[in-house]
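Hi everyone, thanks for coming. Let me put the structure up on the screen, and then we can walk through it together.

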Amino acid sequence: MRKTFTQSMAFLHTWCGLVFGWLLFVVLLTGTITVFRGEISYWLTPEIRGGLQVDPVRSLQVGEDYLRAHGPDSRLWRITLPTTREPVLKVNWRDDKGVTQNRRLDPETGQEIVRQTEGGDFYLELHEGFHIDRGENLFGFIVVCLTGMAMLISCVSGIVVHKRILKDMFLFRPEASAHRSWLDAHNLLGVLALPFHMMMAFTGIFLLYWLFLPSAAPVLYKGGNPEFRIEANGQLYRQLKDIEPGAAAPTGPLSLYVDKAEALIGKGRTAYVYVRDPGRDNAVIEVYRERTERVSQQVDQIALDRSGGIIRAQLISRMSIPFQVQSFIASWHWLEWGGNLVRWFYYLAGWMGAGLVAAGCSVFAAKRRRHSEGKAWFQAVEAINVMAIAGVCIACVAYLWIERLTPVGVPGRETIGIQVFCVILGASLVHAALRGSRRAWVEQMALTAILCVGAPLLNGQILRHLASADWVRMSVDAALIATGVCFGAAAWRLRAPEAARLKPVEA
Amino acid sequence: MGVLVSLVLTFLALGLFAVAMARHQRYALGRVLSSRTVRLLRVAAWLLLAAAPLPWMAERGALMSLVTWLFCGLPVMGLAVAAALTKKGRS
């Protein structure tokens, strides 16, 4: 029998949504959490002093002194200045073998922070490539790209399939059957934030253009990716391996170069500084501007030579219109602008995306429960649903516990987070298979709630944050507690059997 | 303050849109409004929606505010309207 267009779209939406939905939930949830990755890194490192009024000039000097002492022969230095989101000084240097060393320092004293943690970047790694090292292979990135495409496909096919989304735009009937309630939630979260969902899926793909079109740059630029990057990114790009370090020659204090650069980019606007071949006569100092008050992915960059002469001044305002448009659109996804207000709105809208996918997976199960309950394939789908949604939520919060409970200096500490994440997903699946999906949903949501509310209480840190009036850390505490309360309410709601909740509703 | 005014205007605009829809009228109000009232509600909703981002833009800059309002402020306030309607429908 010939299928209609709507039936074809329904098939596509259902199966594409379900299979990729399991992956998409991880991507969307971790992407949502990533909005606060700086704050999470700060929260996870109690050694960072709170409530500091950081002086950028002093911090730059501290970073420079550290690098002069620890990486005098390095080919590349990077100093990232502290911010109110993460008041810690970050320094990196690359040795002759090309190995990058990373350290975090107290921005006033220069004391090293011993705790090595991925911090909030753990969620970013999961979001952009399922925590698979892109240096090893691009499998994670490719899967995330496909997932992004599936999200776009599901958005478009969803508009065709869910015909009444505009007429029933604000309709949510929690007292209806599970199928109808979840469908209402799916439609509500989908249609209200449809521009956000499509924008995030599109810009996510847009950012990974190099993965989708891998041959374009090598063909058009005759195999020269650096040439492409110079033109596309508009930035000075120098492969250290192609250039020999020059003769030894002193480089002046970095503050001198930064002062000259800030005459162009604005006083006190420096975010980070690169020094290529420091202490050599071919040294280049690159000063990058912060992005906070501009909707732009690219940043102003001023490159100076050793004598302080400006080699290149790459200012966004002077770039071509296509370049500015590209930078503008990409920045919608790569949120570095707007401050706390915008981050909170992105966080809430991000939860709407994650909720949309969770509700969609639940609709699939609820719709088929009456006819398929007891069948092996359906039980597998229900168990995977629990793991891919509730299990992922547990694993995301458990990461905070693992980070805080694992002693500093334990060998392999950096990889414990992802290992525990995977173990929790496995345990969640087994639990769902053994307990049945309804009980597993309730128990795992309740566990997420307990972990969220309990995390700020670990080592009594919430009291320390209150005592030191550390607003950034207290905000993380508050967000965790609020999230925990929401999960607790969801668990409480799900605990009652469906029959007990049912109330006749209009069809 | 401008952000708050924007959010309130957005909430009101979306609320009026919701009340202008027959399904929501039956669910939340228990009756259907006349077509003249519905038309008036829709006009008022569009006007409010057009005005809603302006205070935000005046306070925080046009580009940044418009992107945040369109992609995030609008859906979050839509969710608040849905929550209010659900509460009203159940009461």
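Let's start with two neighbours in chain A: strand S4 (residues 270–276) and strand S5 (residues 284–289) pair in the antiparallel sense over six bridges. Strands here are DSSP runs of E with at least two residues, helices are runs of H or I with at least four, and both are numbered from the N terminus. Two strands count as paired if DSSP finds at least two bridges between them. As one example, A:Thr270 has A:Arg289 in S5(A) as its bridge partner.

A word on what you are looking at: this is a predicted model, where local features need pLDDT of at least 70 and side-chain atom pairs count only at pLDDT 80 or more, while totals for chains, interfaces and linings use all residues. Residues are numbered from 1 along each chain as its sequence is written, chains are lettered from A and ligands numbered from 1 in the order in which they are written, and side-chain values use heavy atoms, leaving out hydrogens and water.

Now, where do S4 and S5 sit in the sheet? In chain A, seven strands form an open, antiparallel sheet in the order S3-S2-S1-S4-S5-S6-S7. At its edges are strand S3 (100–105) and strand S7 (310–314) of chain A, each pairing on one side only. From one strand to the next, the twist averages 15 degrees. Helix H3 (residues 56–70) of chain A packs on this sheet, touching S1, S2, S3 and S4 of chain A, and its direction makes about 30 degrees with that of S2(A). Those angles run from 0 to 180 degrees between N-to-C directions, with axes as lines fitted to C-alpha atoms, for helices over the stretch in contact.

How do the two chains meet? In contact, meaning heavy atoms within 4.5 Å, are 36 residues of chain A and 27 residues of chain B. The area buried between them is about 2700 Å², with carbon and sulfur atoms giving 74%; that is accessible area (1.4 Å probe) lost by two parts on being put together, summed over both.

Finally, the rule finds one salt bridge across this interface, where a side-chain nitrogen of Lys or Arg must lie within 4 Å of a carboxyl oxygen of Asp or Glu. A:Asp168 forms a salt bridge with B:Arg23, with the closest N and O atoms 3.3 Å apart.
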